[in-house]
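Here is a short report on one protein structure. Keep the sequence and the 3D view at hand as you read.

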Amino acid sequence: MLQDILQNIVSGASIGATYGLVGLGVVFLWLTISRINFANISSAMLGAYLFYSFYTQLNLGFFISFVLSIGVIALYGLGLRVFIYEPIRKRGGGRLEFVVATLMLCTFWLNLIIVVYGALPKPFPPVFGGSNDFISLGGIRIPSLYLNIYLVIAILMVFIYFILNKTLIGKSFRAAAQNREAAALMGIDVKVTTSLSFIMATVVVGIAGILLAPIYFVSLELGGGSIGVKGFASAVLGGLTNPYGTILGGISLGLLENFSTLYISSTYRDIISFSVLVAVLILKPSGIFNWKRKKI
Amino acid sequence: MFLLETRDLSVSYNEVPALRKVSIKASKGEVVSVLGPNGAGKTTLLKIISGLVSSEPGSKVLLNGEEIQHLPPHKITRLGVIHVPEGRQVFPELSVQENLEVAATRIGLAKARPNIEKVYELFSELKSRKNQMAGTLSGGEQQMLAIGRGIVSDPLIMMIDEPSMGLAPVIVKRIFETLENYVKDTGLTMLIVEQNAKLSLPMSDRVYIVSQGQIKLEGSVDEVKSDERIREMYFGGK
């Protein structure tokens, strides 16, 4: 019994943390340009398919495939700014126009993937450990996959913290997020910090896609539907502005899911977790993991 | 040649003219005051110079004789025209130290280190709060920080907008004294916008009086002070 609970904590929290990563994509854009990117989750699908192509189809090895996938995703993020965000803004478009454009973009990517790869899911190579790899820790079996998810997310969060708090570009990014006009008066090129936010937003979600692919396969599910919504939900729990709260929000969501499956039924899983989310939104719209932070 | 010069600056908001053909000049080492009632266009004038507001065609801003009115604000800042904006505009969720560091964008962090130390020397309150979020500072400390950011960026000309706004007289006095001493020591060129003439005139070399978007009067501090109307308006008669 206790073992079941611990087991579920381990798996729920790791999947949840990847939802949190998807949520970070939302947060990084909201912080700087106050826009919601409805194609946020597309980066997860693109990350997974790119990695699949580089690793399985082109045999490039884990490290090169990973770096190449992330590199392409980063360029894609820059492209989003240059070809979608800026043109809309320059022609006087506001939030709604950006929402509609990205909503269409999300569908565009799903269909492009079907054209290029076909609609059937593809197996993701067991780069994070096969289904039978695990380590035992006091009676609980921790699958290597989950362990690796924790590891990657921990490294990523330390890296993000370092960039935002210890480098001048990161501090400029935070300054521009707090006051664009004053940032420009400091000599900060707001275009650069906006680019950085698009790149960070797409890259974290791309990495989330690669981490989720062993569970969901390399499939269209990574490009829309419930994972994207869970990412948004995590971001909302973090008040749309707190990156660390967003990861915590994702983890809570993952735990909630796993425990509803364990104690009630997997059929009701999403019904229960989304009911809780709606309740949270009604009771505390500013997010429950949105503490007055000392630092973003 | 003047360090900074504006020629025929005009701008309208919703077709209501806010500035009409405003020309001002500041030589190197000069402290120039811009006085005028609320809504006269003083803030707009600074915003045009720093690139935050675009002016109408025909308007010119010259820095050392070169036109800069077409440049975006971050480039104008990088040239050394530093705008300390109205209402402080510190980054509330950056620490005091981080606020000063982002102001180093123009000259690079390595070169700015001594300037940051200088700011801490001028405003010791800031030093003891260097790791505190700027949003938790008092209004006076935020104004010190805003001026401090200006100093860090090593300005060719510093433009300060209403530094006394909303502050207690004792704090205002302290800020102006520090500023005056700093200007004396360094020969900094300054353009200072202030409603309270008693504060800005003692440190100024020349004055422009702006009203309803136009320059009404310009001259040395003594000339302006001896003008009847001005004396009545700004110094309560006598």
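## The sheet in chain B

Chain B holds an open sheet of four strands, in the order β4-β1-β6-β7, with antiparallel pairing. At its edges stand β4 (25–26) and β7 of chain B, each with a single partner strand, so one side of each has no neighbour in the sheet. Strands are DSSP runs (E, at least two residues) and helices are too (H or I, at least four), numbered from the N terminus. Two strands pair if DSSP finds at least two bridges between them.

This is a predicted model: local features need pLDDT of at least 70, side-chain atom pairs count only at pLDDT 80 or more, and totals for chains, interfaces and linings use all residues. Residues are numbered from 1 along each chain as its sequence is written, chains are lettered from A and ligands numbered from 1 in the order written, and side-chain values use heavy atoms, without hydrogens and water.

## Pairs and a hairpin

Strands β1 (residues 4–7) and β6 (residues 60–63) of chain B pair antiparallel over four bridges. Leu4(B) has Leu63(B) in β6(B) as its bridge partner.

Two bridges join β6(B) to β7 (residues 66–67) of chain B, also antiparallel. Here Leu62(B) stands opposite Glu67(B). β6(B) and β7(B) form a hairpin with two residues between them. In the turn, Asn64(B) has a positive phi of about 50°.

## An arginine in a loop

Where is Arg91(A) found? Arg91(A) sits in the loop between α3 (62–90) and α4 (95–117) of chain A.
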